[in-house]
Amino acid sequence: MITLVLMSVAHYNCAKTMEALTTQKFDDQTLQTKSASIALGNGNLRDTNIKYFGRWDFSNSTQYISKWGGAYIRVRFTGTTVKVKLGNTSNFYAKIDNGPWVRYIGVTGTVNLTPSALANGNHTVSVAQGKDYDYVFNFQGLVLDAGATTLATPVNTDLVEWIGDSITAGYTDSLANVSGYAWVCSEAMGTEHTQIAYPGITLTNGFGTYPGMEVSYFNLQSPNNLSSPAWDFTRYTPKLVVINLGTNDNGKQVPDATFQTAMTSFLANVRTRFPNAQIFVMQCLLNGIKSVPTKAAVNARQNAGDGRLIYIETTNWVTTADYTDGLHPSDAGNRKIANLLNPILTPYLSSATPLYLDRCDATTGWTSGNTLSLNTTDKKEGTGALQAVGSGTEEFRKVFTTSINTGASPATGSIQFWYYVSDVSKLSASNQIEIGSGGTNDVSEYNWNIGPLVNGWNLITKPISAAGTTNGTPDLNAINFIRIYHAKTGSVTTKVDGFRIIP
């Protein structure tokens, strides 16, 4: 989730205000922000109303620089005109209000974004990094009408980080990153977004013209900047991370075993930077190349306990007609990919309405091999949490009188719940989480090992694609059974809360 670090994305500094601070709610964290209509600015680099998304270098007081495609700014302003000041010759795209994106190619200096004056009033301007191999955008501020101001600019709650190569960067599209599937999908979902993507890049280091993404992703600047400083990952925190790599590794004949090792390590390193993000790894869109080592890397990380990692199968998503050159999707092809990704990603956003198999707010229907009760004090959501105390193996079991249609996909769905353990040292390796449609254990059942645990509450997320099955594949439209068991060497208190399905 985006919490206080969102302030770094938007680059908040001092601002002229006319009223007291108000409190605005972002997900489950409270952030102090300016009242939406009272923070005024003049468009210069110290103007806190200008919001920055992507990897920006703020170290130069005369210009802020981004060297990754798809970086953008957005701000509301008054008046009838707006100009952008550039410190280099650049390609970029701009949009006023809900109008079309306009291309600016090879421009420099002060560029007028409103050759036809706007109606007097409040407007929004967005400016996005353009298309070239340098991907350098030196922003020196905005020029407004005399007496006009900028206004506080809303920021969407969630941010999606897209990691990839030229396909993710929209390199052959009419508007490059702006018309690529990553941008289009994010905008449709109502999220902010970043595209850490570069044409021709491999995942695996040492095989391409530039350092591989397993190195370049962790830098402030794109891979053609060989002396780039490291990126400061505290500047923003994505809700979702979507990875689409492997096409260029295949072209550079990276051995599958080498690629798998690189992908496994890369996923672990991304997880270290974003412990709570939901990470998706896409099967390569082009004929599913490198899908075997990619999926093997995802499975390895899931087996290591990463419950917030999902592999997206993209077989038959695109056809020859969806490409411009047999490699890069057309504008229409990108929109098609975005439309297919949207329903997969949307359930993981903060705005998604969760589907609970059981909120664990009552003991009704639940049984246990230990002393079962309802704890209304120490809980994670709702009015209570189920609690079991003892040394018995079976902790929580429920057979539903009415089956639940989860609407979940075996390829992209997950189960998620809160699980409390008082003393993990008394737990043995024999454990399992089970859901099924057979009304009892070991019949049409999905099962998972609970995974690494710490004392206290643990948020457990298990992709359905990583589940084992016993005696038939469960019907996700008719789930009627849950069980959690854990062998123990002594009495332990365990609790469970908010057992949900993410479609």
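The structure is a predicted model, in which local features require pLDDT of at least 70 and side-chain atom pairs count only at pLDDT 80 or more, while totals for chains, interfaces and linings use all residues. Residues are numbered from 1 along each chain as its sequence is written, and side-chain values use heavy atoms, with hydrogens and water left out. The chain has 8 helices and 31 strands; these are DSSP runs numbered from the N terminus, with helices (H or I) of at least four residues and strands (E) of at least two.

**Overall dimensions and burial**

- Along the principal axes, the C-alpha atoms of the chain fill a box of roughly 75 × 60 × 40 Å.
- Of the 503 residues, 57% count as buried, where buried means under 20% relative accessible area, exposed over 50% and partly exposed in between, with a 1.4 Å probe and protein chains only.
- Among the contacts in the chain with a separation of 6 or more, 74% come from residues 24 or more positions apart; a contact means heavy atoms within 4.5 Å.

**Strand S31 and its partners**

- Strand S31 (residues 492-502) is largely enclosed by the rest of the structure, because 11 of its 11 residues are buried.
- Strand S25 (residues 414-421) pairs with S31 in the antiparallel sense over 7 bridges, and Ser414 stands opposite Ile502; two strands pair if DSSP finds at least two bridges between them.
- Strand S23 (residues 385-390) is also paired antiparallel with S31, over 5 bridges, and Gln387 has Lys495 as its bridge partner.
- Strand S20 (residues 355-358) and S31 are joined in the antiparallel sense by 3 bridges, with Tyr356 opposite Arg500.
- Lys495 also takes part in a charge-ring arrangement: its charged end sits over the ring of Tyr420, 4.1 Å from the centre. The criterion is NZ of Lys or CZ of Arg within 6 Å of the ring centre and within 35 degrees of the ring normal.

- Strand S8 (residues 82-86) and strand S13 (residues 137-144) run antiparallel and are joined by 4 bridges, in which Val82 has Leu144 of S13 as its bridge partner.

- Helix H7 (residues 291-303) has 13 residues and reaches 18 Å from its first C-alpha to its last, close to the 18 Å expected at 1.5 Å a residue; the expected span is 1.5 Å times one less than the number of residues.
- The buried residues of H7 are Ser291, Pro293, Thr294, Ala297, Val298, Arg301 and Gln302, and they pack against helix H6 (256-273) and strands S18 (278-282), S19 (309-312) and S28 (456-463).
- Arg271 lies in helix H6 and counts as buried at 11% relative accessibility.
- Leaving aside residues up to four places away in sequence, Arg271 touches Asn276, Ala277, Ile279, Arg301, Asp306, Arg308 and Leu309.
- Gly305, with a positive phi near 110°, follows H7; Gly190, with a positive phi near 80°, follows helix H3.
- In helix H3 (residues 181-189), the buried residues are Tyr181, Ala182, Trp183, Cys185, Ser186 and Met189.

**Aromatic contacts**

- The structure holds 26 aromatic pairs; rings of Phe, Tyr and Trp (its six-membered ring) pair if their centres lie within 6.5 Å, with planes under 30 degrees apart counted as stacked, over 60 as edge-to-face and the rest as tilted.
- The pair of Phe58 and Tyr64 is edge-to-face, because the ring centres lie 4.8 Å apart and the planes stand at 85°.
- Phe58 is buried at 13% relative accessibility, and Tyr64 is buried at 6%.
- One aromatic cluster is formed by Tyr52, Trp56, Phe58, Tyr64, Phe92, Tyr104, Phe137 and Phe139.
- The charged end of Arg273 sits over the ring of Phe233, 5.6 Å from its centre.
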